[in-house]
Amino acid sequence: MVATSGGYPFEMRLNGKPIAVDGLTAVGTEPGFRRRGLVREMVTRRLHMVHEHEEQSASILWASMGAIYQRFGYGLASSQIQCKFDPRYTEFQFPIDVQGYVRIVSEEEGGQAIRDLYQRFIKDRTLDLQRDDDVWWKNYFGTKKRRSYCAIYFNSNDEPEGYVAYNTSTVERPPDEGPDQKLRVRELIYMNIQAYRALWEFIREHDLVGRVDMHMPVDEPAINMLLEPRAMRLNLTDGIWMRIVDAEKALTQREYSGPGNIVFEIRNDRECPWNERRFELETDGATTEVAATNKSPQFTISPNGLGSLMSGNASLSELNRVGRADVSDTSQMRYFDFMFSTKYRPFCRNGF
């Protein structure tokens, strides 16, 4: 065996609606066998297999190098922020007395509660994955070899409204530089801003922690709430990449921000040539019909651009400016941007 590829069958949220996707992973070629088209053949075969099975309409992945997968029509579907900060300097600008309390729980106490909270949280999100299998949750409360923690915020009525999953470790630093523990936030889930505040302050209450590592979406609440946002030391990176495999099907599987009728054309789709056509999309926002048409397109778009547009990571205006799309009637640009916008910025909380 000199080359590999694989995929996981996922159900993903796309502006609140569930969509079946293929999670492409484990793609690689041994040194000595590269530059022979093996990766191209495997990825193309995978896309054709997904299309033939007719169960999944898109493919997603975490890219080792974006340059590899853009060749196959994957578009940047999310950006994410990496931050490493000293919790002593990340207080809120306007402190508020939040009623309730945060408590570390065991799996027996909190296992079902965090599953329910996560399910409620992702209801109207984009790129979050459904977690029906216990495998998703098995490490949230740690193992014999690795200690992990999960703390739940309970409101004044003792109702769970959020949780933070995290683990700690020791980092080497001179004694005069302060606390030498690192806290890695694996997941921060909240039903309201009070829960978010309470969980953030709980993180800051770890007095022996000198550094918090955290990945977050670009619309993370703390960015607009802290007294000194620079203290978070934000670093923007790419997140999930998405490839629309069956455009006609995928376009019906997300919610839109309002009713409308749009005619567009997909061009230069070498890996999925069945997508190269004109489509008419008609929606009331929640229910959408898509069909092939001969009408003149209001815009044309590349496969890469379509992935970014469908996830809401880039507006049609942005894609038009950078050449991923070509809008013939720019007077309709605000309407197009509104139609494809998402309630929350796309973000995936799971690696695979």
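The passage below walks through the fold of this predicted model, from its overall dimensions to its sheets and cores.

Because the model is predicted, local features are reported at pLDDT of at least 70 and side-chain atom pairs only at pLDDT 80 or more, while totals for chains, interfaces and linings use all residues. Residues are numbered from 1 along each chain as its sequence is written, and side-chain values rest on heavy atoms, with hydrogens and water left out.

The protein has 8 helices and 17 strands; these are DSSP runs numbered from the N terminus, with helices being H or I of at least four residues and strands being E of at least two. Its radius of gyration is 22 Å, close to the 20 Å that the globule rule gives for 352 residues, so the protein is as compact as a globular protein of that length. For reference, the radius is taken over C-alpha atoms, and the rule is 2.2 Å times the number of residues to the power 0.38. Along the principal axes, the C-alpha atoms fill a box of roughly 65 × 50 × 40 Å. Of the 352 residues, 51% are buried, where buried means under 20% relative accessible area, exposed means over 50%, and partly exposed lies in between (1.4 Å probe, protein chains only). Among contacts (heavy atoms within 4.5 Å) with a separation of 6 or more, 72% link residues 24 or more positions apart.

Strand β10 deserves a paragraph of its own. With 7 of its 9 residues buried, β10 is largely enclosed by the rest of the structure. It is joined to β5 by 6 bridges in the antiparallel sense, with Cys83 and Met214 as bridge partners. To β9 it is joined by 5 bridges in the parallel sense, and here Lys182 is partnered with Arg211. Strands β9 and β10 form a right-handed β-α-β unit with α4; right-handed means that, with the strands pointing away from the viewer, the path from the first strand over the helix to the second runs clockwise.

The largest nonpolar core has 44 residues, and those with the most contacts inside it are Ile114, Tyr163, Val164, Val185, Trp200 and Met232. A nonpolar core is a set of buried Ala, Val, Leu, Ile, Met, Phe, Trp, Tyr and Cys residues joined through side-chain atoms within 4.5 Å. At least two residues each come from β5, α3, β7, β8, β9, α4 and β10, and α4 gives the largest share, 7 residues. Leaving aside residues up to four places away in sequence, Val185 touches Val164, Ala165, Tyr166, Ile203, Val212, Asp213 and Met214. Apart from this core lies another, of 38 residues, including Ile262, Met333, Met339 and Cys348.

A further open sheet has 5 strands in the order β1-β2-β3-β12-β4, again with mixed pairing. Its edge strands, β1 (3-14) and β4 (75-76), each pair on one side only. Strand β4 runs antiparallel to β12 (residues 240-244), joined by 2 bridges, and Leu76 has Trp241 as its bridge partner. Helix α1 (residues 38-53) packs on this sheet, touching β1, β2 (17-29), β3 (58-62) and β12, and its direction makes about 160° with that of β2. Leu76, in β4, is partly exposed at a relative accessible area of 23%. Beyond residues up to four places away in sequence, Leu76 touches Asp238, Gly239, Ile240, Trp241, Ser308, Ser311 and Asn313.

How values were computed. Two strands pair if DSSP finds at least two bridges between them. Axes are lines fitted to C-alpha atoms, for helices over the stretch in contact, and angles run from 0 to 180 degrees between N-to-C directions.
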